[in-house]
Amino acid sequence: MTQPTHTDAGQSLGFLAEIKDAVTTRAALLVLGVLALQLAFITSYVGAFHHPRPSEIPFAVAAPAAPLAERTAQQLGALPGTPLDARAVKDEAAAVKQIMNREVDGALVVDPAGTADRLLVASGAGASLSQAVEEIVGLAEKSGGRTVRIVDVAPSAAGDGRGLSSFYLVVGWCVGGYLCAAILAISAGARPANIHRAVIRLGALLVYAIAAGLLGAVIAGPVLGALPGSIMGLWGLGTLVVFAVGAITLAFQGLAGVVGIGLAILLVVVFGNPSAGGAYPYPLLPPFWKAIGPWLPPGAGTYAARSIAYFRGNDVTGPLLVLSGWAVLGSAVTLACAVFRRGKSGAAVGSGLPDGPDDEAAAEARARAGGR
């Protein structure tokens with residue numbers, strides 16, 4: 001009669017032991033980290049997109065007489081909430097040039113002889129931005145008893161709905177970059193065991209980036225007809241985006257092991273994507289996201305892709321320098337971590353094997369204790 005009780009007690013103790021063995025402190029901390037990452041994702045995306053408001057959109061005003069242009073620019077710049085950062089330019093040609101150079105996002109060409117002016121926009125920079133300019137200027141003109149005729153000087157392609165293809169192309173490149181780096185780590189340990197392995201991983205990442213950049217550009221361009229512009233330009237940009245994101249992911253993994261994958265997602269997905277200027281370009285984003293967007297790979301990549309597709313490749317130097325900076329930083333940290341470890345081996349992430357000598361000794365001790 002006592003045997004079932006003993007069995008039940010043994011089963012109960014065994015189950016508790018299984019829980020303690022399965023849910024380690026490290027596993028619990030990782031789950032809490034995932035929860036924090038999820039909440040950060042929700043906060044970042046909802047915070048960036050829930051209430052877009054135009055703020056200091058670069059805007060040009062042209063008129064036959066300089067005083068009229070300056071007076072109109074002052075009036076537009078003084079609108080409640082400062083939605084426009086208006087400045088007078090010499091003439092319509094100068095206004096178009098500034099739009100194509102991405103110095104301004106729209107321009108008003110005033111006709112003093114009539115009551116209808118022309119509003120120049122560039123939907124290739126983002127449909128939501130051009131629509132915001134149209135609404136703001138349209139209301140201002142209406143209040144003065146004037147009307148506007150919309151002229152799109154850099155229209156988005158027919159297959160580029162709302163000008164979002166550049167953003168989604170760059171997001172795809174970013175996903176490929178950090179997934180490739182994660183796979184390289186999972187296959188042979190999160191931290192490179194030595195300098196040679198780190199170089200091999202960076203080399204493999206570069207080969208992948210070249211292929212991913214070309215295939216992404218071809219799919220978005222000739223295959224789907226979503227983006228015009230230079231295939232070679234988009235190929236080069238894609239290669240740089242993929243390698244930069246992959247290199248920084250390898251760097252995070254070198255510093256923090258498997259947790260580095262989460263850090264890369266935090267940087268690129270949680271902070272980078274909502275601040276990239278995709279759905280809402282920079283002038284429509286809240287201050288925090290507007291400030292960080294140009295300095296992160298998704299934002300730099302999206303801006304450069306739109307410049308290549310619709311603005312003759314103008315104003316890409318800054319974004320390319322940002323991406324190059326991430327690529328160099330990620331590569332340097334990856335190599336430095338390999339040198340610092342001085343050949344210490346690491347088990348594959350998720351393999352269940354110990355990660356280093358100390359872990360191996362602990363595992364052996366536990367095995368001996370279990371045997372006794």
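On a 1 Å grid over the protein atoms alone, a pocket is an open set of points where a 1.4 Å probe fits, with protein on both sides within 12 Å along at least five of seven lines, and its lining residues have an atom within 4 Å of a point. Grid points are joined across faces, edges and corners, and a volume is the space filled by probe spheres set on the points.

We're working with a predicted model, where local features need pLDDT of at least 70, side-chain atom pairs count only at pLDDT 80 or more, and totals for chains, interfaces and linings use all residues. Residues are numbered from 1 along each chain as its sequence is written, and side-chain values use heavy atoms, with hydrogens and water left out.

**Exercise 1. Get an overview of the protein.**

Step 1: Start with the helices (DSSP runs of H or I, at least four residues) and strands (runs of E, at least two), numbered from the N terminus. The protein has 13 helices and five strands.

Step 2: Turn to burial, where buried means under 20% relative accessible area, exposed over 50% and partly exposed in between, with a 1.4 Å probe and protein chains only. Of the 372 residues, 43% are buried.

Step 3: Check the contacts (heavy atoms within 4.5 Å). Take those between residues at least 6 apart in sequence: 74% of them join residues at least 24 apart.

**Exercise 2. Describe the second largest pocket and what lines it.**

Step 1: Its volume is about 410 Å³. There are 24 lining residues, and Arg-102, Tyr-282, Pro-294, Tyr-303 and Asp-315 are the closest to the centre.

Step 2: Sort the lining by type, with Ala, Val, Leu, Ile, Met, Phe, Trp, Tyr, Cys and Pro as nonpolar, Asp, Glu, Lys and Arg as charged, and the others, Gly among them, as polar. You get 13 nonpolar, four polar and seven charged residues.

Step 3: Find the helices. H11 (297-310) and H12 (317-341) each give at least two lining residues, and H11 has the largest share, with five.

**Exercise 3. Follow helix H8 from end to end.**

Step 1: H8 (residues 231-256) has 26 residues and reaches 37 Å from first C-alpha to last, close to the expected 38 Å. That expected span is 1.5 Å times one less than the number of residues.

Step 2: Just after H8 comes Gly-257, with a positive phi of about 70 degrees.
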